[in-house]
Amino acid sequence: MWLKAFHLIFMVTWFAGLFYLPRLFVYHAMSEDLVSIERFKIMERKLYFGIMTPAMVLTLLFGLWMLADYAWNIYRASGWLRIKLFLIVILVGYHALCAKWLLDFKHDRNIHSDVYYRWMNEIPLLLLIAIILLASVKPF
Ligand code: HEM
């Protein structure tokens with residue numbers, strides 16, 4: 001139960017960043033004055049490296065710890081766990097894509113519009129809904 005509690009605390013922290021960072025990209029892509037642009041760069045860097053990435057690592061560590069501790073023996077044959085792990089690979093890929101966007105903004109070479117980032121912002125939401133339903137309902 002302790003492992004699950006920490007798994008969920010770090011997952012919520014990670015998702016706060018996965019939702020907020022692309023919002024910063026939306027406003028960053030719309031900004032034209034230098035002061036705002038430089039401020040967004042600092043906010044994005046601190047959010048990504050100071051909060052989101054440590055939270056991701058800890059979410060994954062606590063998840064793997066639960067698997068090693070008790071869950072693999074119980075759930076290894078179940079479909080929900082396989083699909084959940086597959087979706088997590090996609091989620092980690094999205095996290096890495098955020099790093100690419102962050103570096104593009106940092107070096108002033110972003111080519112995407114604010115509308116693009118608005119759409120990209122929906123990806124973590126869809127993954128969150130699917131993963132939570134799988135992990136808590138365990139439908140198959
Ligand atoms: C390597 C990555 C991960 C692994 C190995 C993992 C593994 C696990 C395990 C073994 C459980 C306990 C299942 C049980 O005993 O009922 C669990 C619970 C849970 N996980 Fe993960 N997890 C990972 C990442 C994530 C992520 C990224 C999310 C959210 C998007 C997530 C959401 C949840 C939720 C909501 C529960 C609680 C389910 C419940 O008890 O109702 N997990 N996870």
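The structure is a predicted model, in which local features need pLDDT of at least 70 and side-chain atom pairs count only at pLDDT 80 or more, while totals for chains, interfaces and linings use all residues. Residues are numbered from 1 along each chain as its sequence is written, and side-chain values use heavy atoms, with hydrogens and water left out.

I begin with the chain. Its secondary structure comprises five helices and zero strands, where helices (H or I, at least four residues) and strands (E, at least two) are DSSP runs numbered from the N terminus. The C-alpha trace spans about 55 × 25 × 20 Å along its principal axes.

I turn now to contacts, meaning heavy atoms within 4.5 Å. Among those between residues at least 6 apart in sequence, 79% join residues at least 24 apart.

My example is the pair H3 (residues 79-106) and H5 (residues 122-137), whose axes, lines fitted to C-alpha atoms over the stretch in contact, come within 10 Å and cross at roughly 160 degrees between N-to-C directions, on a scale from 0 to 180. H3 is therefore roughly antiparallel to H5 (an angle over 145 degrees). Among the residues making this contact are Trp80, Leu87 and Tyr94 of H3, and Pro124, Leu127 and Leu134 of H5. The contact residues divide into 14 nonpolar (Ala, Val, Leu, Ile, Met, Phe, Trp, Tyr, Cys or Pro), no polar (the others, Gly among them) and one charged (Asp, Glu, Lys or Arg).

Notes
Parallel < 35°, antiparallel > 145°, perpendicular 65-115°, else oblique.
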